[in-house]
Amino acid sequence: DGEVHINELKNGSTEMFWNPTGEVRRQRLKRHIVLFEEQTDFESERLWQHVTSAINKGDQHKATQEKFVLEEEQRNAARERRESGTEWKPLLFQHDAGTNEWRYKYEDLRPWDPLNDIAQFEKDGILQTMERHLSTRMSNHKATCINNQITRHKRSAKDCRRRKTSDQPSNHSQNTESSCSTPESVQELSDDDGKYLGFESLCAQCGKEMNHLKEIHSAVLSLQKAQQDIHR
């Protein structure tokens, strides 16, 4: 968002190439980074802080020296792991034996779908895509979650009836109450039926993703407002 000039070496003349207006500067993307004090020792900004500081001060000799110190520490650490037989397990990357290269674990190589994909963002080092149809996937997951609970419930009811039959003495009346209180049949479930069967809330993943949906909804509203401002 600063001025850019073209310097002609032959005659020493200088020409203005780019001079952004105040409106252009106001539209620049905000930079979102992890606070320095919250970064781990191996995050780039913290790891290369002394090299960066020297570059900003224009001290090329100091920058080269700090870079050498940093890389030597990394080589020594790798040598110590090799000697002790300790395996290095990267958090976000995996080794591709075919190409002998390190690849990002969560790379998304599918084509961008403008009808479904809203935005792509990184959270805790993991690349994620915000999609319009996430709510549909949530509904499918909710249905699967309930169906799994129904299946377990039916199995429990069946086992309970078996125990009731085997434990009931043949010379006693058949109205003796069993310790099992599970209904013997389960029909289609509504939300209220789910409470009746004893599972008042869905699994932890459902709850987590519902909260995630709320965050996404808030982010989408913010994006829409920004788009409207840009169009204006």
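Visitor: Why is Lys67 called partly exposed?

Guide: In this predicted model, Lys67 has a relative accessible area of 36%, and because partly exposed covers the range between under 20% for buried and over 50% for exposed, Lys67 is placed in that middle class. Glu71, with a relative accessible area of 24%, is also partly exposed.

Visitor: What makes the contact of Lys67 with Glu71 a salt bridge?

Guide: The closest N and O atoms of Lys67 and Glu71 are 2.8 Å apart, and since the rule asks for a side-chain nitrogen of Lys or Arg within 4 Å of a carboxyl oxygen of Asp or Glu, the pair qualifies as a salt bridge. Both residues lie in helix 4 (residues 60–84), four residues apart, which is about one turn of the helix.

Visitor: How do you know that Asp229 and Arg232 meet in a salt bridge?

Guide: Their side chains come to 2.1 Å, N to O, and the cut-off is within 4 Å, so the pair is counted. Arg232, at 72% relative accessibility, counts as exposed, whereas Asp229, at 34%, counts as partly exposed. Elsewhere, salt bridges that share partners join Asp108, Arg110, Asp117 and Glu131 into one network, and the count by this rule comes to 10 salt bridges.

Visitor: Why does Asn100 count as exposed?

Guide: Asn100 reaches 58% relative accessibility, and exposed means over 50%, so the label applies. Asn100 sits in the loop between strand 3 (93–96) and strand 4 (101–104), and has a positive phi of about 55° although it is not a glycine. Most residues other than glycine have a negative phi.

Notes. Residues are numbered from 1 along each chain as its sequence is written. This is a predicted model: local features need pLDDT of at least 70, side-chain atom pairs count only at pLDDT 80 or more; totals for chains, interfaces and linings use all residues. Side-chain values use heavy atoms; hydrogens and water are left out. Helices (H or I, at least four residues) and strands (E, at least two) are DSSP runs, numbered from the N terminus. Buried means under 20% relative accessible area, exposed over 50%, partly exposed in between (1.4 Å probe, protein chains only).
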